[in-house]
Amino acid sequence: MASFDDLVKRRGEIAAGRAPNRATLVLGDGTCGRASGSSEVRAALSEAISSLDTEKRLAFRTTGCHGFCQIEPNVQVLPDETLYVHVKPENAQSIVEAALSGKVLKNLTYKDGQKKSCAKITDVPFYKRQMRLLSGLNVYVDPLRIEDYIAIDGYQALAKALFTMTPDFVVEEVIKANLRGRGGGGFPAGWKWDSVRKAEGEPKYVVCNADEGDPGAYMDRSLLEGNPHLVIEGMLIGAFAIGSHEGYVYVRNEYPLAVQNLIVALDQAREHGLLGKNILGSGFDFDIRINRGGGAFVCGESSALMQSIEGRPGEPIPKYVHMSERGLYNKPTNLNNVETWANVPFIVNRGADWYRTIGTEGSKGTKIFSLVGNINNTGQVEVPMGISLREIVEGIGGGIPNRRKFKAVQTGGPSGGCLPADCLDVPVDFDQLTKLGSMMGSGGMIVMDEDSCMVDVARYFTNFLVEESCGKCVPCREGVMQLRDILNDITQGRGREGDVELMEDLSKVVIDCSLCALGQSAPNPLLTTIRYFRDEYVAHIHDKKCPARRCTALISFRIDAENCTGCALCKKQCPTVAIAGEKKKTHVIDPEKCIRCGACFEVCKFDAVIKE
Amino acid sequence: MERETAKIDEFIARYGLHQGALIQVLQDIQGEFHYLPREALEYVSEKLGTPLAVAYNVATFYNVFSLQPKGQNHICVCMGTACHVRGAQSILDKFRRELKIEVGETTDDLKYSLDKVACVGACALGPIVVENVTYHAHMKLDKVGKLLKRGGRK
């Protein structure tokens with residue numbers, strides 16, 4: 001395409017080539033879908049459709065994640081918005097027949113908490129309270145077909161910027177929209193763009209940070225995998241505004257499908273004249289390269305990320321000079337994360353004033369969270385900023401399974417913290433979460449029930465950061481390790497009086513003296529668990545008890561004679577032959593041999609194994 | 001080695017002769033041979049004009065690279081937070097016991113390697129175990145043995 005008109009014409013051709021009234025089957029086929037068996041469903045649906053007469057054929061689209069990962073593989077029938085869940089290959093034929101006749105297969109629809117059938121996606125409680133501005137587009141786009149993206153007005157915002165706006169105007173619009181960085185920091189993107197635009201030096205680089213290393217967060221994968229062109233378009237607009245001609249996407253190697261889809265999307269964008277020289281005939285040049293990460297969490301930090309792109313170990317460098325002045329190859333560099341870039345086309349298309357109508361005073365727009373852990377409806381949630389945590393956990397997430405009680409929600413990954421039930425009514429935005437001692441981070445939201453031990457959670461995150469610290473600066477390398485060792489001692493029953501105060505002191509040093517954000521925020525999970533769950537530390541240290549019965553050194557297993565049927569299932573699973581007993585007679589656990597792996601507890605169908 | 005160098009030349013051609021290509025080329029070598037042979041590291045550093053020490057530094061810094069050959073079946077247990085709260089640690093422990101190796105090691109018969117990963121991004125379906133390229137969702141302790149049995153062991 002060599003002009004604005006070509007883009008409009010192309011969109012018209014795509015629309016004309018599609019039968020408007022034809023039903024479309026949409027299968028979620030991202031990484032999470034495939035882990036649940038969507039590939040087999042895809043094959044079965046294709047076969048069922050291709051066996052129909054040509055004129056009767058349904059349209060079929062495989063897309064990225066639809067958000068509600070829990071119910072995958074799922075199929076949506078458009079335009080009716082019928083939703084089928086946990087679809088198996090053997091359901092394919094009946095789904096196709098029902099779609100042709102306009103019927104609904106009730107047995108395959110979603111059942112809500114009251115076992116009521118929700119035929120349409122709009123009836124499902126998980127979707128009802130969301131505002132799926134960015135992620136909702138996934139359903140309309142096969143990531144391997146640029147036509148799908150163009151058909152939903154894709155690259156319109158780019159064309160609008162190139163042909164009707166000046167770079168200055170675009171920057172002003174992003175400032176006015178108050179788009180804040182979704183990678184965690186929450187720094188206003190427009191200001192960053194402005195300083196890179198004004199910085200001395202050529203070339204200028206634009207980087208997309210897709211190194212989403214926060215364990216428990218996967219919204220970047222979902223966006224990049226499901227709708228790569230949205231991110232590319234955002235980067236193109238940013239590059240135009242800043243005056244950059246070279247871009248990089250630094251993407252996690254652990255997301256192979258995202259890498260694969262992005263490669264295809266970049267190739268297709270180039271073929272369509274949307275990347276490369278003289279884009280849409282506007283005279284603007286820009287291209288994007290992919291760099292795959294090497295599985296180092298610290299590379300999510302901007303200076304470490306740039307070291308990695310340059311082919312070095314990802315060790316952060318002190319920020320005496322801003323990246324916006326001397327970043328990649330010592331040139332002015334603008335780095336934003338996947339979700340931030342994906343917001344840009346919306347701001348340009350609909351204007352900053354519209355964008356500002358969503359969200360809170362200090363945080364505008366929507367935010368995508370991955371709502372996971374001990375919660376009924378797990379998946380990816382997109383909500384306007386300012387919605388309460390309770391609304392997310394109870395309303396969208398449907399509460400805690402197995403009649404357990406809510407204990408905490410961990411937000412912001414290893415840089416964030418654990419918030420207790422008292423904090424559930426707080427509106428979620430950048431500033432409120434920070435006030436509570438946690439943070440937005442990239443948007444991981446891990447819900448924990450009463451069976452989660454908060455000391456163990458602090459140990460988990462601290463241990464994670466010990467393994468991921470690059471080791472360059474002493475406070476992080478040594479300090480976080482000492483914190484981990486103390487936490488290990490506490491969870492193993494060797495905690496001493498004064499350990500909590502010692503950890504608080506040490507945390508201050510680590511926060512104040514570490515070189516980069518990894519170290520500076522490393523004690524956050526620990527400090528919030530001390531702040532909100534201090535009694536659990538006391539129980540571990542003083543009483544040598546784990547109230548959640550999670551820390552293996554502090555618990556024991558026994559078999560309740562009354563409930564034991566002698567089925568021997570536990571005996572079969574026990575790895576250390578610690579369980580003895582004849583068939584149909586009560587079994588017994590030898591505490592000397594027991595390694596407290598919990599296998600017997602997990603397999604027992606009669607609640608006869610007691611954990612204390 | 002000749003066949004290997006031809007392959008490595010092919011990888012280098014994708015990214016160009018500069019240090020920025022180093023990690024990308026090593027990724028491709030790791031993908032092809034499942035580890036970084038010493039000769040490959042030497043060859044790449046010479047070709048890209050990077051000191052061998054830098055290539056070694058990169059190869060040991062990033063989790064994705066291994067200087068030891070990996071087994072035919074690569075078991076990778078996700079240890080992300082969502083998997084952790086649903087019991088990933090005991091899954092990993094079970095693999096360690098069954099395979100009689102530690103994380104990062106390979107069985108003597110080169111059939112299995114065991115690793116952990118920080119997060120594979122399929123958090124809603126945890127605990128997750130990735131076996132080569134297959135994702136196993138909702139892992140349970142008693143599924144571990146079945147998975148290994150299917151892989152030709154025991």
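Let's start with Asp353(A), which counts as exposed at 53% relative accessibility. This is a predicted model, and Asp353(A) pairs with Lys176(A) in a salt bridge whose closest N and O atoms are 3.8 Å apart.

**Salt bridges within chain A**

- Over all chains, the structure holds 42 salt bridges.
- Lys176(A) sits in helix 8 of chain A and Asp353(A) in helix 15 (residues 352-355) of chain A, so their bridge ties together parts that are 177 residues apart in sequence.
- Another pair is Asp431(A) with Arg180(A), where the closest N and O atoms are 3.4 Å apart.
- That pair also links distant parts of the chain: Asp431(A) belongs to helix 17 (residues 430-435) of chain A, and Arg180(A) to the loop between helix 8 and helix 9 (189-198), 251 residues apart.
- Is Arg180(A) buried or exposed? Arg180(A) counts as buried, because its relative accessibility is 14% and the cut-off for buried is under 20%.
- As background, side chains of opposite charge can pair when their charged atoms come close.

- Chain B and chain A bury about 3800 Å² between them, and 52% of that is on carbon and sulfur atoms.
- On the chain B side, Phe61(B), Thr81(B) and Val85(B) lose the most area to chain A, together 16% of what that side buries.
- The contact takes in 60 residues from chain A and 41 residues from chain B.
- How many salt bridges does the rule find across the interface of chain B and chain A? It finds two.
- One salt bridge brings together the side chains of Asp28(B) and Arg292(A), at 2.7 Å from N to O.
- Asp28(B) lies in helix 2 (residues 22-33) of chain B and Arg292(A) in strand 9 (residues 287-292) of chain A, so this pair joins two chains.
- Both Asp28(B) and Arg292(A) are buried.
- His84(B) is worth a click too: leaving out residues up to four places away in sequence, His84(B) touches Asp456(A), Arg459(A), Tyr460(A) and Arg550(A).
- His84(B) is part of helix 5 (residues 81-85) of chain B and counts as buried, at 6% relative accessibility.

**Nonpolar cores**

- The largest nonpolar core has 118 residues, and the members that touch the most others are Tyr155(A), Trp193(A), Phe95(B) and Ile128(B).
- Helix 11 (residues 228-242) of chain A gives this core its largest share, 10 residues.
- A second, separate core has 46 residues, including Tyr248(A), Phe297(A), Leu22(B) and Ala59(B).
- What is Phe95(B) in contact with, once neighbours within four places in sequence are set aside? Among its contacts are Ile75(B), Val77(B), Lys100(B), Leu114(B) and Val129(B). Met139(B), Val144(B), Leu147(B) and Leu148(B) are on the list as well.

- Ile175(A), Phe187(A) and Trp191(A) make a nonpolar surface patch of about 310 Å².
- Ile175(A) is found in helix 8 (residues 167-177) of chain A and counts as partly exposed, at 30% relative accessibility.

**Chain B as a whole**

- Chain B has seven helices and four strands, which run α-α-α-α-β-α-α-β-β-β-α from the N terminus on.
- The C-alpha trace of chain B spans about 50 × 30 × 25 Å along its principal axes.
- Of the 154 residues in chain B, 53% are buried.
- Chain B exposes about 7000 Å², with carbon and sulfur atoms supplying 50% of it.
- Taking contacts in chain B between residues at least 6 apart in sequence, 60% join residues at least 24 apart.

Technical notes
Residues are numbered from 1 along each chain as its sequence is written. Chains are lettered from A and ligands numbered from 1 in the order in which they are written. This is a predicted model: local features need pLDDT of at least 70, side-chain atom pairs count only at pLDDT 80 or more; totals for chains, interfaces and linings use all residues. Side-chain values use heavy atoms; hydrogens and water are left out. Patches are made of residues with over 30% relative accessible area and no salt bridge: like charges are joined within 9 Å, nonpolar side chains (Val, Leu, Ile, Met, Phe, Trp, Tyr) within 5 Å. Accessible areas come from the Shrake-Rupley method with a 1.4 Å probe; for residues, only the protein chains shown count as cover. A salt bridge is a side-chain nitrogen of Lys or Arg within 4 Å of a carboxyl oxygen of Asp or Glu. Buried means under 20% relative accessible area, exposed over 50%, partly exposed in between (1.4 Å probe, protein chains only). A nonpolar core is a set of buried Ala, Val, Leu, Ile, Met, Phe, Trp, Tyr and Cys residues joined through side-chain atoms within 4.5 Å. Contact means heavy atoms within 4.5 Å. Buried area is the accessible area (1.4 Å probe) that two parts lose on being put together, summed over both.
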